[in-house]
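Have the viewer open while you read.

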Amino acid sequence: MSDNQFKTKKGTFIIPILALLAIWVVYIIEIGFGFNFNKFGIYPNNIIGLRGILFSPFIHADIKHLLNNSVPLFVMLCSLYYFYHKIATKVLILGTLVLGLLTWFIARPANHIGASGVIYFLVSFIFFSGIFRKYYRLIALSLAVVFLYGSMIWYVLPIEESISWEGHLSGFVTGLVFAILFKKVGPQPETFEFTSNEEFENLFDENGNYIPPEEFQQPED
């Protein structure tokens with residue numbers, strides 16, 4: 001694989017920064033003007049609740065919720081756009097829509113808000129993509145993701161009532177599926193092509209024994 005595939009592109013930091021700014025601006029507007037945007041979250045099995053597929057990643061319950069999501073969202077988006085820049089935007093948009101729709105189908109009746117579903121999607125996609133592509137840099141990235149966010153796996157289970165484990169599970173499953181679907185797209189392991197050298201091959205017999213050139217052969221007595 002050419003190292004040029006991993007050169008920093010313009011979108012590597014621009015889109016993650018814009019995403020982070022967006023969720024903070026929404027929260028500041030909500031707090032500053034006394035709004036409550038929770039009703040724009042994903043509300044399962046309700047037609048109006050479908051709007052949350054687009055809006056919910058930008059809405060957070062409180063400052064703790066926002067802070068907990070800000071760092072992993074930024075790190076995962078930077079990783080996505082650095083290592084998978086050719087497919088990053090497509091993966092991000094489609095993945096967000098699919099995980100949101102899946103949450104809408106399986107979740108409890110409540111307004112599901114926050115960017116954590118997207119974070120679980122990115123963690124899952126980046127981890128499994130690195131494994132499936134069998135390339136050492138991407139595998140190293142996968143191991144780093146496990147080291148940083150491996151403990152998150154517990155929150156795909158209903159261990160806390162106030163946490164949308166359904167959104168986490170939807171993101172995790174969607175990331176795995178997308179890693180499979182996109183494993184042949186984007187960065188791939190380097191392939192080596194071996195060429196034959198007839199002159200060199202003639203220096204060895206069929207058993208692999210070295211045959212010196214005639215000018216180097218010693219005359220027999």
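Axes here are lines fitted to C-alpha atoms, for helices over the stretch in contact, and angles run from 0 to 180 degrees between N-to-C directions. Keep in mind that this is a predicted model.

Start with helix 3 (residues 63-83) and helix 5 (residues 116-133): they pack at an angle of about 40°, and their axes are 9 Å apart. Angles under 35 degrees would count as roughly parallel and 65 to 115 as roughly perpendicular, so helix 3 and helix 5 come out as oblique to each other. As for handedness, helix 3 passes helix 5 in a left-handed crossing.

Who does the touching? On the helix 3 side it's Asn 69, Pro 72, Leu 73, Met 76, Leu 77, Ser 79 and Leu 80, and helix 5 brings Ser 116, Val 118, Ile 119, Leu 122, Val 123, Phe 125 and Ile 126. Sorted by type, that contact has 11 nonpolar residues, 3 polar ones and no charged ones.

Now for two single residues. Thr 103 belongs to helix 4 (residues 88-106), while Ile 180 sits in helix 7 (residues 165-181).

| Residue | Relative accessible area | Class |
|---|---|---|
| Thr 103 | 2% | buried |
| Ile 180 | 43% | partly exposed |

The side chain of Thr 103 reaches the backbone oxygen of Leu 99 at 2.7 Å. Leaving out residues up to four places away in sequence, Thr 103 touches Ile 42, Pro 44, His 112, Glu 166, Gly 167 and Ser 170.

Ile 180, for its part, is 47 residues from Arg 133 in sequence, with a C-alpha to C-alpha separation of 9.6 Å in space.

Definitions and conventions. Residues numbered from 1 in each chain as written. Predicted model: local features only at pLDDT ≥ 70, side-chain atom pairs only at ≥ 80, totals over all residues. Heavy atoms only, no water. Helix = DSSP H or I, 4+ residues; strand = E, 2+ residues; numbered from the N terminus. Parallel < 35°, antiparallel > 145°, perpendicular 65-115°, else oblique. Left-handed = near helix turned anticlockwise from the far one by under 90°. Contact = heavy atoms within 4.5 Å. Nonpolar A, V, L, I, M, F, W, Y, C, P; charged D, E, K, R; others polar. Buried < 20%, exposed > 50% of the residue type's maximum accessible area, 1.4 Å probe, protein only. Polar contact = N/O pair within 3.5 Å; in protein donor to acceptor, adjacent residues only side chain to side chain.
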